[in-house]
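The sequence and the structure come first, and the description follows.

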Amino acid sequence: MIRLVLFGRQGAGKGTQASMLSEHYKAPHISTGDMLREAVAEGTAVGTRVRAILDAGELVPDETMLEVIKDRLDHDDVQQHGFLLDGFPRTVGQAKSLLKITVVDLAVDLDVPEGLVLDRISSRRVCQQGHIYTVGDHAAQSGVCPVDGTPVVQRDDDTPDAVTARLDAYKVKTAVAMAYFDSQGLLLTVDGVGDPETVFHRLVSAIDERLDNDARW
Ligand SMILES: [Zn+2]
């Protein structure tokens with residue numbers, strides 16, 4: 001059983017690593033987006049409230065998000081195997097609240113320099129069906145997806161200005177949340193630069209080493 005919180009700038013490859021880690025440790029990857037969708041689909045009491053909030057185009061408040069997480073943590077898969085929590089907490093207040101409802105073994109920061117993720121994201125192009133290309137790819141240059149023929153474009157979210165704004169917000173709020181985990185002795189920073197396999201092995205050995213040491217003490 002392993003209980004991890006995952007941090008990483010957008011574009012750091014967190015989603016890819018989360019699914020590899022989830023398979024490796026048999027712990028469910030719990031992302032906030034999925035959790036909210038599940039709560040709405042299951043029609044739980046809190047799910048009904050979430051639906052109203054989302055329908056109104058508002059942000060889900062912390063207390064509501066915590067209820068959703070609490071419900072999710074009660075599921076059997078989490079009870080048996082732990083979790084990889086992705087997308088929460090984003091603020092120090094959320095971090096403190098989370099530690100009141102569950103034990104966290106480690107908060108892992110997948111560290112990729114800002115300039116690198118900015119390049120990665122702003123060179124991304126997508127078709128209407130979600131196939132992802134890079135600006136130099138033939139599909140991006142021709143502007144047509146070879147799989148489905150839909151236009152390949154840069155999303156508004158992926159322009160350098162939009163990405164920089166999100167990275168700034170991350171720096172301001174999430175860095176403080178990470179500092180909080182650090183103050184609790186729970187932060188593990190892992191170099192996220194490299195191909196996905198390399199980064200994955202780096203992550204697993206850093207996590208295992210740290211948890212082994214903690215168990216010994
Ligand atoms: Zn496509």
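## Two helices side by side

Axes are lines fitted to C-alpha atoms, for helices over the stretch in contact, and the angles run from 0 to 180 degrees between N-to-C directions. In this predicted model, the axes of α4 and helix α6 (residues 92–101) come within 11 Å and cross at roughly 35°. The crossing of α4 and α6 is right-handed.

On the α4 side, the residues in this contact are Asp 62, Leu 66, Ile 69, Lys 70 and Leu 73, and they meet Gln 94, Ser 97, Leu 98 and Ile 101 of α6. Sorted by class, the contact of α4 with α6 has 5 nonpolar, 2 polar and 2 charged residues.

## The parallel sheet

Strands of a sheet pair through backbone hydrogen bonds, either parallel or antiparallel. Here an open sheet of 5 strands shows parallel pairing, with the order β2-β3-β1-β4-β8. Its edge strands are β2 (29–31) and β8 (187–191), each of which pairs on one side only. On average, and with direction ignored, neighbouring strands of this sheet are turned by 25° against each other.

## The antiparallel sheet

Another open sheet is formed by 3 strands in the order β6-β5-β7, and its pairing is antiparallel. The edge strands are β6 (132–134) and β7 (152–153), each pairing on one side only. Strand β5 (residues 124–127) and β6 pair in the antiparallel sense over 3 bridges, and Arg 125 stands opposite Tyr 133 in β6.

## The largest pocket

Rolling a probe the size of a water molecule over the atoms shows where empty space is left.

Several elements, namely β1, α1, β2, α2 (32–42), α4 (62–73), α7 (114–122) and α9 (160–183), each supply at least two residues of the lining of the largest pocket. Helix α9 gives the largest share of that lining, with 6 residues. By class, the lining of the largest pocket divides into 14 nonpolar, 14 polar and 10 charged residues.

## The second largest pocket

The second largest pocket holds about 160 Å³ of space. Its lining is made up of Met 1, Arg 3, Lys 70, Leu 73, Asp 74, Val 78, Gln 79, Gly 82, Phe 83, Ile 101 and Thr 102. Among them, Lys 70, Leu 73 and Ile 101 also take part in the contact between α4 and α6.

At least two residues of this lining come from each of α4, α5 (76–81) and β3. The residues lining the second largest pocket divide into 5 nonpolar, 3 polar and 3 charged.

The residues that line the largest cavity are Leu 6, Phe 7, Lys 14, Gln 17, Ala 18, Leu 21, Val 108, Leu 110 and Leu 203. The elements that give two or more residues to this lining are β1, α1 and β4, and the largest share, 4 residues, comes from α1.

By class, the lining of the largest cavity divides into 7 nonpolar residues, 1 polar residue and 1 charged residue.

## Backbone details in two loops

The peptide bond from Phe 88 to Pro 89 is cis, with omega near 0°. Pro 89 has its place in the loop between β3 and α6.

In the loop between α1 and β2 lies Lys 26. The phi angle of Lys 26 is near 60°, which is a positive value in a residue other than glycine.

How values were computed. Residues are numbered from 1 along each chain as its sequence is written. This is a predicted model: local features need pLDDT of at least 70, side-chain atom pairs count only at pLDDT 80 or more; totals for chains, interfaces and linings use all residues. Side-chain values use heavy atoms; hydrogens and water are left out. Two strands pair if DSSP finds at least two bridges between them. Ala, Val, Leu, Ile, Met, Phe, Trp, Tyr, Cys and Pro count as nonpolar, Asp, Glu, Lys and Arg as charged, and the others, Gly among them, as polar. On a 1 Å grid over the protein atoms alone, a cavity is a set of points where a 1.4 Å probe fits but cannot get out, and a pocket is an open set with protein on both sides within 12 Å along at least five of seven lines; lining residues have an atom within 4 Å of a point. Grid points are joined across faces, edges and corners, and a volume is the space filled by probe spheres set on the points. A crossing is left-handed if the near helix is turned anticlockwise from the far one by less than a right angle, and right-handed if clockwise. Contact means heavy atoms within 4.5 Å.
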